[in-house]
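Me: I am new to this structure and would like to learn how to read it. Could you take me through a few features, one at a time?

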2 protein chains.
Amino acid sequence: MHIFYTPDITQPVYALNEEESKHCIKVLRLPIGALIYLVDGKGGFYTAEIISDNPKKVQLNIVKAELGYGKQNHYLHIAIAPTKNNDRLEWFLEKATELGIDEITPLICDRSERRVVKTDRLSKVITSAVKQSIKAYHPVINEAIHYNDFLKLPFEGDQLIAHCINTGEKEFIANLVKPHQKYLILIGPEGDFTPDEVNLALNKGYKAITLGDNRLRTETAALSACFEVNYINR
Amino acid sequence: MHIFYTPDITQPVYALNEEESKHCIKVLRLPIGALIYLVDGKGGFYTAEIISDNPKKVQLNIVKAELGYGKQNHYLHIAIAPTKNNDRLEWFLEKATELGIDEITPLICDRSERRVVKTDRLSKVITSAVKQSIKAYHPVINEAIHYNDFLKLPFEGDQLIAHCINTGEKEFIANLVKPHQKYLILIGPEGDFTPDEVNLALNKGYKAITLGDNRLRTETAALSACFEVNYINR
């Protein structure tokens, strides 16, 4: 099943860009008449027939269009401190895209060792996972933002913060939230959030959650939160 | 918190091997009197005081011993076809160790592209995750085995197979099993199990499970199964 990511989709006829045309004709060696599949990242899933095999500009005839393909009944936004090792953040993005996530924001915290994030590269990782796992919705990756500034942004839904500080009450997500909601979950850096950061969130109405007794790496904690939200919404 | 993996622990006095002694004195620069922590991989969690700082043979005095540290109330064995890209299998082992797993068996299936597995290297990956996530139990990694041979081995507990073939009934794990049991879950290669492999398992009494509607990579499916078992057992 050959999937192409085409956010600029047009109907009833569409042309692949030069890179994807080359991939389609030179790599996949698909002939005129072959069917390929397009996702626009906004819920559109299209079946298209190759009508011209120009390796620089493959012309397609859209034969079927499904909108809202695989639409989730909830919305998950995870704001995560970038890991020291960038591979770990990219790994999280790939896995979260497979499992289901809507929005990711890299969060620069007091204890963040890495404070610069190349979101264009992260977006490519997500796009590749979108195609591999056949998602019609492309998760949004926001520009990195400082923790305090992020907490000033409005969010309609359940606001949760996962931290490892032993003080204060913490609950499992499943005990705190209902299914079919919008969720925003904060995941801290290696070394965790500072007590000030946690208190700031609690004062803003965030609820503290635990992901269990395991000592999880940042990216594992974020994926675990992603698992839980999808689990309680299925 | 400095954790050392010491399967050959002795009491009341123990000496670190040359590599760990060097790490302890030259890298961590720990002095006589400092406390470090030892896990034996079999549930033993030890607090030890440095009584000699010989960088080739650090002598320790065990001051506290906890047995059955972090013991789980269930047992999870995942048999997984090795991924084409070895990093993906290693990634799964690291994450499963963080989240909780007891035993892993690399499974050579009809459609396995990679049929040779270096379990000594995989064991090192697990050991590193054991130390990082402070686990007193070291998950067991078995030698790779062919699918049909593996299914001949006895197992007392819930035997489950996760596959993507559309025929036949499938259930979510949580709807099939009780908490506090022993679970064995089969995870197939890229390209899935063959229908013959699935039928062989079903005839052996395995139950077919689904991990949801998402199209998951092999290692993501395995971690998803690991997450679900830990979720229903917490």
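Predicted model: local features only at pLDDT ≥ 70, side-chain atom pairs only at ≥ 80, totals over all residues.

Me: How many residues does the contact take from chain A and from chain B?

Reply: The size of an interface is often given as the accessible area lost when the parts come together. Here chain A and chain B bury about 2,500 Å² between them, with carbon and sulfur atoms giving 49% of that area. The contact draws 26 residues from chain A and 26 residues from chain B. A:Arg215, A:Tyr231 and A:Arg234 provide 25% of the area chain A buries against chain B, more than any other three residues.

Me: How many salt bridges does the rule find across the interface?

Reply: Eight salt bridges are found between chain A and chain B. A salt bridge also joins the side chains of A:Lys95 and B:Glu219, at 2.5 Å from N to O.

Me: What span should helix H7 of chain A have?

Reply: Helix H7 of chain A covers residues 218–232, so at 1.5 Å a residue its 15 residues should span 21 Å; the end C-alpha atoms lie 22 Å apart, which agrees. In H7(A), 15 of its 15 residues are buried.

Me: How many disulfides are there over all chains?

Reply: A disulfide is a covalent bond between the sulfur atoms of two cysteines. A search of the whole structure gives zero. For A:Cys109, the nearest cysteine sulfur belongs to A:Cys164, 13 Å away. A:Cys109 is buried, at 1% relative accessible area.

Me: Which feature does UniProt place at residues 16–62 of chain A?

Reply: The unreviewed UniProt entry lists "domain: Ribosomal RNA small subunit methyltransferase E PUA-like" there. Over residues 16–62 of chain A, the chain is 21% helix and 36% strand.

Terms used
Residues numbered from 1 in each chain as written. Chains lettered and ligands numbered in written order. Heavy atoms only, no water. Helix = DSSP H or I, 4+ residues; strand = E, 2+ residues; numbered from the N terminus. Expected span 1.5 Å × (residues − 1). Buried < 20%, exposed > 50% of the residue type's maximum accessible area, 1.4 Å probe, protein only. Disulfide = S-S within 2.5 Å. UniProt positions renumbered as here; feature names shortened; annotations may be inferred. Contact = heavy atoms within 4.5 Å. Buried area = accessible area lost by both parts, 1.4 Å probe. Salt bridge = Lys/Arg side-chain N within 4 Å of Asp/Glu carboxyl O.
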